[in-house]
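I opened this model to look up its overall build and then one residue. My notes follow.

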Amino acid sequence: MSNKKIVFEDGNAYERMMGVWSQIVGKEFIEWLNPASGQSWIDIGCGTGAFTAQIAELCSPSKLLGIDPSEHQIEFARKRSMAHSATFQAGDATDLPCEPSSFDVATMALVLYFLTDPAIGVNEMKRVVKPGGIIAAYVWDIPGKGLPLDPIHAEFRKRGIDYPLPPSSDVSNMDKLEKLWTEEGIQSIECKQIKVNRSFKNFDEFWDINASVQAVTTVLNELSPQTVTEIRSNVGRELDYDSNGSVIVHGHANAIKGIV
């Protein structure tokens with residue numbers, strides 16, 4: 001869609017927007033995984049540690065490692081309070097700094113489509129998980145308009161405005177996810193679509209949080225103030241509101257799991 005790249009350096013902005021969504025989806029994702037407690041986990045592309053914290057709280061892990069390429073995100077994650085201790089380390093999802101067969105469970109939460117070659121990431125998950133272990137991921141269904149930013153993206157599309165998407169956004173399609181897991185030789189594959197909603201107290205809060213993320217600001221900063229005002233107004237008209245004037249935003253993620 002665009003030659004602009006999405007980068008995550010501002011931990012606070014990411015936490016307010018996608019960190020909250022990550023935890024809304026993450027709770028359902030973990031319930032669906034239904035893992036045994038006391039296992040060793042690696043959370044690949046952990047970002048601010050929002051999902052890592054849920055693993056710590058809900059899964060009583062014996063060991064928990066969060067990996068992310070952004071030092072800024074890792075720094076943010078290290079300051080997060082955790083139910084169980086977690087280690088955070090900078091690293092690349094396609095070249096994990098881990099020995100083979102080190103973990104019982106490997107997860108990627110909202111990460112797989114940021115890899116230019118998702119198959120390498122899946123292979124790395126396989127490499128670091130013990131035989132019989134679980135590898136699992138979930139991603140916003142971008143082709144199916146499941147991304148929570150889609151109300152803003154929809155207005156960009158109407159105007160023919162380019163906006164950045166993850167480089168492998170097509171992999172978020174359920175069939176493509178399943179094909180990827182199958183081609184990498186993973187067994188007992190299961191898929192699930194997770195539908196979620198998030199409430200913002202009013203449109204101003206919605207816009208303040210969503211328009212402050214880098215993937216949106218890089219677009220808005222190149223537009224005239226009048227165009228930004230028009231986009232803001234049009235997005236506001238298209239959203240769902242409850243009787244209190246709160247904005248209700250919908251999203252859905254595609255999840256997959258399997259055994260190595």
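**Notebook: surface, fold, one residue**

I started with the surface: the protein chain exposes about 11600 Å², and carbon and sulfur atoms supply 46% of it. I took accessible areas by the Shrake-Rupley method with a 1.4 Å probe; for residues, only the protein chains shown count as cover.

The model is predicted, so I kept its limits in view: local features need pLDDT of at least 70, side-chain atom pairs count only at pLDDT 80 or more, and totals for chains, interfaces and linings use all residues. Residues are numbered from 1 along each chain as its sequence is written, and side-chain values use heavy atoms, without hydrogens and water.

Next I looked up the fold. The protein chain has nine helices and eight strands; these are DSSP runs (helices H or I, at least four residues; strands E, at least two), numbered from the N terminus. The radius of gyration is 18 Å, close to the 18 Å from the globule rule for 260 residues, so the chain is as compact as a globular protein of that length. That radius is taken over C-alpha atoms, and the rule is 2.2 Å times the number of residues to the power 0.38.

I checked burial too. Buried residues make up 53% of the 260; buried means under 20% relative accessible area, with a 1.4 Å probe and protein chains only.

Then I picked Ile 55. Ile 55 lies in helix α2, residues 50-58. Its relative accessible area is 0%, so Ile 55 is buried. Beyond neighbours within four places in sequence, its contacts include Ile 30, Trp 41 and Thr 107. Contact means heavy atoms within 4.5 Å.

Key:
Buried < 20%, exposed > 50% of the residue type's maximum accessible area, 1.4 Å probe, protein only.
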